[in-house]
Each structure stands twice: as C-alpha cells, then as structure tokens.
Amino acid sequence: MGGPVVLGIESSCDETGAGIVQDGRLLAHVVATSMDEHARFGGVVPEIAARAHLHSFNPVVREALDRAGLRIGQIDAVAVTTGPGLSGALQVGLAGAKSVAYAAGVPLYGVHHLAGHVAADTLEHGPLPDPCVVLIVSGGHTSLLLVRDLVREPILHLGDTLDDAAGECFDKVARILGLPYPGGPAIDRAARGGDPKAVAFPRPLTRPGDDPYAFSFSGLKTAAARWVERHVQRGEEVPVADGAAALQEAVADVLTRKALAACRAYDVKTLIVVGGVAANSRVRALAEKRCASAGIELRVPPMTLCTDNGAMIAAVGDLLVRAGTEPAPLDVSIDPSAPLEYASLNPLARPAARVA
C-alpha cells in the first residue's frame, strides 16, 4: 500500500489544472487553457478566465482520475490554490475543490500558488535540498527565495520584483514588437534568428550599491519601446529578431546573475528555477552555463511543469499531508494578493459588510 493520494486543483489564472500525486510521485496531470480566448485582447481577461474554469473543471478532474486509473473514492485529500491570482478564477477552483472534497469525504488543503511552483521540481528531481535558493520567474512574479523545509518552515524572501515581473516584460515588449500573445514563447521563437548583442539594453539593478537580489523590469521594457520608436520615426523596419534576442539576453543575464550571487552569499549548492519563464531557452542555457562554472547544481522542472498546473498544487498537498499539517477549515476562502510566507494558505472568509 502506498501513501495518501492527493488531488491538486489550480485555477489562479487562465489554466485549469488537475494533478494527482502519491508519495512524491506524479500519477497524472491534465491542463485546459483558455489562452486562445485571451490572445485577441493581448492579455488575460478575468471574466473570460473564470467562465472557462467553470466549463473545464469537471472534464479536467475526470480526465486526471481516468489517467491515474482511480475513482473519486480513492482520493485521500484535495489541495487547491487559494491565492494569489485572479479573484473570480480562484473562487471557481476553490468551490470545485470543496465540492470534490465533500463528495469524497476527505480533507481539503489551501495552497499558495508560488509554493506550488517550487514543489513542481520535486516531481522530477525528488525532495528539495535543505537549504536551496529558488528563483521564481513567471508572468506575474519574479522572486529569489531561500527555502529550507517548504511546508514546515517560513520561506525567506531574498528579493522580489519592484515593478514588472520578467514574464510581464516579455508580454509587453512582444506587443510592442508586433509579436503574438503570450509574449514569452513569442520572444523566444523570434530570438532564434537574432543577435543578442545587437542592442545594448540595460541590466536593471546590477550596479554597485543596488539591491543585489531585487528585480526591476519596467525600465527594460521602456528601453525596448524607445528602441522600436526610434526605428519607426526614422522610417526603418524594426529588426524584430535582434530586439527579441537582445531583450531575452538582458532578462536572462539579470535573473541568473542575481540567483548565482544569492547562492554564493548564502553558501547554497543548489539553485532551482521555476515558473513559466523557466521554460525560456536562454534563461535555461545561461543558468546551466553559470551554475556549471560556479559548481552549483541546477534544477529546473520539465517544460510541462513550469507553467501553471494542478500537479504542482498536488505536490504541495502531498507534502502537507505527509507532514501532518492541519487541513483547511470549512470556511477557507481566497486571498488574491497573498504574499508567499508559508506553503499552506488558509485565509478565512471575511464577514459580509453590514448595510446601515
């Protein structure tokens, strides 16, 4: 007999994910995305995302169970993202997770979305080293963390983004370059035919005296916009491939430079890079090169586990169950702007405002 079987539900943005994990082993995971519906708007529309979650929730959970060869009665716990994310999207996932947990008669665990990204790596490489430095890079988050025991100890933030996240910078500059949404993959594809040295884009917050672990990509976005503007004003064709390659190089340089500095400062021998931008080919390649030179082990989840998915939430749930953590109370709610302090996230529903 194996350990408890945990179903994980993710619905913080435009992906509806269901994953099943047992004893740190991934049994199945399924993701439905509404990205195509958002593409014509150039970004995620919250109302469209919430409606898509409503349509996708049951089919995604059923398919995950089918792939694992399980029935709902064989699930021992349910874990669900309770924040951060889009309010309506989170509400749909939480309501569905509560229904499944109630129907199966099993406990429910609230999970912080970013802790899920960290735990995604355990499904490929096993338990997290204690300690490790984690670089989270996604559309909405860029953070450097010092992690010891993910579910038993507080998570130490070494640095966070002060404005735009790395993925947000990619999305915005892709639009300026006339590339499709989502911008990250589009920039990556376009950069393959460009020269990363063609444009001297700035490396934000890397000068002496700057916060060594903080990030800022708003200025880089503006520099790219001004570069495009100059070409347009002169009536010249914008060299999109060169712009994409140079932008990608600047982002990868800043991310990996700061991550390696944190590893050296805290005498940590393992760097883990997670989140949607961890799928970027240049970020991966430069991280590999710099970690190899510094004698630091690099761990990056498979591409399918870098973007939002239910498997990563199930992975946290699995760790919480095995650690003997108390499940969420019945009135657990969502926190769309929850800071990452602990992997478990169980905010309580606020009482309705009284009308005079």
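Biologist: What makes strand S7 (residues 142-147) count as mostly covered?

Modeller: Ground rules to begin with: this is a predicted model, where local features need pLDDT of at least 70, side-chain atom pairs count only at pLDDT 80 or more, and totals for chains, interfaces and linings use all residues. Numbering starts from 1 along each chain as its sequence is written, and side-chain values use heavy atoms, with hydrogens and water left out. Buried means under 20% relative accessible area, exposed over 50%, partly exposed in between (1.4 Å probe, protein chains only). In S7, 6 of its 6 residues are buried, and the strand is mostly covered. Helices (H or I, at least four residues) and strands (E, at least two) are DSSP runs, numbered from the N terminus.

Biologist: Which residues of S7 point which way?

Modeller: Thr142, Leu144 and Leu146 go one way, while Ser143, Leu145 and Val147 go the other, and all are buried. In a regular strand the side chains alternate between the two faces of the sheet.

Biologist: How do you know that S6 and S7 pair, and in which sense?

Modeller: Two strands pair if DSSP finds at least two bridges between them. Strand S6 (residues 132-137) is joined to S7 by 6 bridges, running antiparallel, so the pair meets that cut-off. Ile136 stands opposite Ser143, and the two strands form a hairpin with 4 residues between them. S7 also pairs with strand S8 (residues 156-160), antiparallel over 4 bridges; there Ser143 faces Asp160.

Biologist: Why is Pro347 called buried?

Modeller: Its relative accessibility is 17%, so Pro347 counts as buried. Pro347 sits in the segment after helix H12 (310-322). With contact meaning heavy atoms within 4.5 Å, and neighbours within four places in sequence left aside, Pro347 touches Thr82, Asp331, Val332, Ser333, Ile334 and Asp335. For Asp331, 16 residues apart along the chain, the C-alpha separation is 8.5 Å.

Biologist: Why is helix H7 (residues 183-191) described as largely enclosed?

Modeller: 7 of its 9 residues are buried, so the rest of the structure largely encloses H7. Among the buried ones are Ile187 and Asp188. The cover includes helix H6 (166-176), helix H9 (240-265) and helix H10 (281-294).
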